[in-house]
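Please keep the sequence and the structure in view while reading.

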Amino acid sequence: MQLANNLDTIAAIATPSGAGGIGVVRISGPNASDVAKHLLGACPENRLASYLPFLDNNGQVIDRGIALFFNSPHSYTGEDVLELQGHGGIAVMQLLLARCIECGARLAKPGEFTERAYLNDKIDLAQAEAVADLINASTSEAAKSAMLSLSGYFSNKINDLLKELIDLRMYIEACLDFPEEEIDFITTGKVKEKLLSLKLRMDEVTSSAKQGHLLREGLTVVLVGQPNVGKSSLLNQLSGNDQAIVTSIPGTTRDPIKSEIQIEGIPIHVIDTAGLRDTSDEIEKMGIEKTWISIEKANIALFLVDAGKGITDYEKIILNRIPKDVFKIWVHNKIDLLSKKASSEMVDGEHHLFISAKNGEGLAQLKTILLKMAGVEFSKDGNQGIFMARQRHLDALDIVSKHLNESVHQLQSPELVAEELRQAQTSLASITGEFTPDDLLGEIFSRFCIGK
């Protein structure tokens with residue numbers, strides 16, 4: 001990849017807005033040293049922290065702090081970079097940024113520092129995305145996975161697959177150049193075996209990527225059932241807070257109530273919904289419509305029923321409306337009223353749990369099943385080796401898998417196999433950014449914060 005064609009110098013506040021003990025202003029570009037000379041009186045020595053006054057145009061001190069200078073290409077962006085670490089007050093940071101712009105820099109666009117790092121081959125696109133994922137990680141496991149991707153773990157796996165795919169494609173295309181040779185090069189070169197091996201490794205990477213995507217996006221679980229079956233009590237047990245009002249009056253919950261919890265480091269978005277029933281109350285009707293919207297967007301539906309009554313015809317009617325791609329878990333609540341112990345069983349391929357949302361019996365089993373249904377697998381050492389992944393990565397891997405499958409079916413037509421592998425290569429390379437449209441780059445980096 002060629003160096004970024006940026007002749008301008010950019011500046012931005014790299015720390016969150018608001019008062020803080022320390023604030024950082026970052027400058028990157030060919031004129032970073034000139035900005036340093038105007039603002040500090042001289043450019044600091046390379047990679048040597050210097051405590052200096054930050055001066056305005058009249059030589060008055062704006063602030064005093066640490067100045068660091070990094071010569072190109074040995075910096076985050078691959079360009080000359082100046083970092084100013086001062087007091088983190090809102091006004092002083094804005095004054096310092098304005099002074100940098102006065103000295104010849106311009107305000108950076110969202111994600112422009114990381115975009116320059118990518119364009120200058122300091123990191124690839126998957127690593128660049130991991131920077132934003134690390135900043136926005138909502139759990140410790142998500143942060144670990146983002147750091148794994150940032151270190152190049154995900155990219156290395158993709159590059160290994162890419163090398164194997166390219167080698168196979170080169171072999172097939174080279175053989176196509178000598179059609180007069182009466183040799184079954186597909187069989188001789190064990191092309192089918194290599195394709196199947198490549199697909200197996202692709203499936204392994206895809207499985208890990210799906211778990212990484214789950215760590216990033218979280219799992220949406222919606223509580224469904226008739227009024228007064230204990231949905232609000234279950235939400236309160238899962239969240240550890242009394243977020244939902246619990247009464248014996250049916251129809252208490254009108255609007256969906258969302259709670260954010262963690263199970264083994266996985267973010268879980270739990271939504272308590274209005275009880276599903278026929279009602280003449282217009283406000284309750286609106287809440288029920290919102291319930292159906294929440295169900296359609298969910299990954300898993302916890303279908304609560306009264307353990308004393310079991311599954312009635314009404315639950316079966318509701319079940320028919322639930323989208324087929326939403327996983328379902330039957331939760332038989334209120335076992336405390338029946339003097340039963342918590343348990344679980346499989347009936348016709350569906351999970352049935354018997355719990356008490358009132359006292360928390362059976363909650364551990366429920367959490368375990370939620371993770372299993374989400375496809376999460378943990379080793380005894382925890383969630384190690386799971387890298388962060390985005391939806392675009394999963395989409396690209398899915399396209400690659402389809403092309404590999406098609407190539408296996410087209411072995412009698414080597415020209416078609418070569419074309420399928422070419423398309424697979426293009427899709428796989430888009431993950432690390434070797435082949436990436438400019439409009440996709442703009443979309444990715446626009447979601448970063450200004451100072452990154």
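Helix α4 (residues 125-136) packs against α14 at an angle of about 40°, and their axes are 5 Å apart. Because of this angle, α4 is oblique to α14. The contact joins L125, A126 and E129 of α4 to S430, I431 and T432 of α14. By class, three of these residues are nonpolar, two polar and one charged.

The model is predicted; local features need pLDDT of at least 70 and side-chain atom pairs pLDDT 80 or more, whereas totals for chains, interfaces and linings use all residues. Residues are numbered from 1 along each chain as its sequence is written, and side-chain values use heavy atoms, without hydrogens and water.

A second pair is formed by α1 (residues 32-40) and α2 (residues 90-102), whose crossing is right-handed. V35, H38 and L39 of α1 meet L96, R99 and C100 of α2.

| Helix pair | Angle | Axes |
|---|---|---|
| α4 and α14 | about 40° | 5 Å apart |
| α1 and α2 | roughly 120° | within 9 Å |

Contact means heavy atoms within 4.5 Å. Angles under 35 degrees count as roughly parallel, over 145 as roughly antiparallel, 65 to 115 as roughly perpendicular and the rest as oblique.

Conventions: Axes fitted to C-alpha atoms, helices over the stretch in contact; angles between N-to-C directions. Helix = DSSP H or I, 4+ residues; strand = E, 2+ residues; numbered from the N terminus. Left-handed = near helix turned anticlockwise from the far one by under 90°. Nonpolar A, V, L, I, M, F, W, Y, C, P; charged D, E, K, R; others polar.
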